[in-house]
Amino acid sequence: MKLTPRLLNIAKLVPKGSILADVGTDHGYIPVYLMKNKIVEKTIATDVNKGPLLSAQKNIKNNGLEDSIETRLGNGLEPIEPEEIDTVIIAGMGGLLIRDILMNHPKVTKSIKRFILQPMVAQDELRRWLCNNHFKIVEEKLVSEDHRIYEILVVEHGKDEIENEIYFEIGKKLIENKDPLLEIFIKKHIKKQNDIINNLIGQETDKAKNKLNQCKEKIHEFEEVLRWLKN
């Protein structure tokens with residue numbers, strides 16, 4: 001089975017021998033890949049909707065893995081028991097939904113060692129919540145697919161020291177590791193801030209002025225990271 005770059009890079013971050021749950025498994029591509037390549041010992045594929053879970057079951061059956069991959073219907077970590085898994089993938093959802101999934105089942109969340117998270121939006125808010133709730137980001141990676149750059153976070157329990165607010169928008173590990181896509185990624189952030197500034201032209205309210213200053217400050221910080229990357 002050939003995975004897309006996004007799914008393949010998520011799969012590569014799963015430690016060998018893991019007992020895994022793939023939350024929101026959709027077609028079950030990652031569990032099938034991991035089992036076929038003998039990377040995990042056991043996999044539970046869950047989804048909140050019957051349709052995607054049926055698609056996953058069909059894919060699992062087509063690959064002869066019915067005895068190796070269990071499927072469960074349920075919301076977030078609800079179908080998982082505490083201590084049942086050591087690694088979880090939660091990918092392709094909003095950052096706030098991922099936060100809620102981790103919050104809503106604290107006993108299960110506490111028993112998991114590694115979280116591989118791939119938020120589609122609100123990445124900064126997810127990073128901030130993780131930092132404030134005794135999680136640490138141990139690895140981050142950018143992946144390009146279909147003209148979009150995706151962020152993948154590997155998280156464990158622990159304490160994270162965030163010295164600068166910019167690390168919530170541009171992951172600290174991405175900067176430390178000089179991720180190959182980081183320059184393109186930061187330029188996209190700068191363009192987004194410039195677009196906001198252009199939309200604020202002509203607005204004289206205090207709120208608009210504050211927003212304008214925030215955007216300019218962010219651009220300044222992003223440009224500082226770019227200069228550091230090139231040195």
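Two strands are said to pair if DSSP finds at least two bridges between them. Helices (H or I, at least four residues) and strands (E, at least two) are DSSP runs, numbered from the N terminus. The model is predicted, so local features need pLDDT of at least 70 and side-chain atom pairs count only at pLDDT 80 or more, while totals for chains, interfaces and linings use all residues. Residues are numbered from 1 along each chain as its sequence is written, and side-chain values use heavy atoms, with hydrogens and water left out.

Strands β6 (residues 135–145) and β7 (residues 148–157) run antiparallel and are joined by 10 bridges. Two residues lie between these strands, and in this hairpin Asp 146 has a positive phi near 50 degrees. Along the pair, Ile 137 is opposite Val 155 in β7, and Ser 144 is opposite Ile 149 in β7.

Contact here means heavy atoms within 4.5 Å.

Six of the seven residues of β4 are buried, so the strand is largely enclosed by the rest of the structure. Buried means under 20% relative accessible area, exposed over 50%, and partly exposed in between (1.4 Å probe, protein chains only).

How many of the eight residues of α2 are buried? Six of the eight residues in this helix (residues 29–36) are buried, namely Ile 30, Pro 31, Val 32, Tyr 33, Leu 34 and Met 35. Their cover includes α1 (5–12), β1 (18–23), β2 (40–47), α3 (50–62), β3 (69–73) and β4 (87–93). After α2 comes Lys 38, with a positive phi near 55 degrees.

A nonpolar core is a set of buried Ala, Val, Leu, Ile, Met, Phe, Trp, Tyr and Cys residues joined through side-chain atoms within 4.5 Å. In the largest core, of 24 residues, Ile 10, Val 14, Leu 34 and Ile 89 touch the most other members. At least two residues of this core come from each of α1, α2, β2, β4 and β7, and α2 gives the most, with five. A second, separate core of 23 residues includes Ile 85, Trp 129, Ile 137 and Val 155.

Trp 129 also takes part in a helix pair. In α6, Glu 125, Leu 126, Trp 129 and Leu 130 meet Gly 95, Leu 96, Ile 98, Arg 99, Leu 102 and Met 103 in α4. The axes of α4 (residues 95–104) and α6 (residues 123–132) come within 8 Å and cross at roughly 25 degrees. That makes α4 roughly parallel to α6, a term for angles under 35 degrees.

Technical notes: Axes are lines fitted to C-alpha atoms, for helices over the stretch in contact, and angles run from 0 to 180 degrees between N-to-C directions. Angles under 35 degrees count as roughly parallel, over 145 as roughly antiparallel, 65 to 115 as roughly perpendicular and the rest as oblique.
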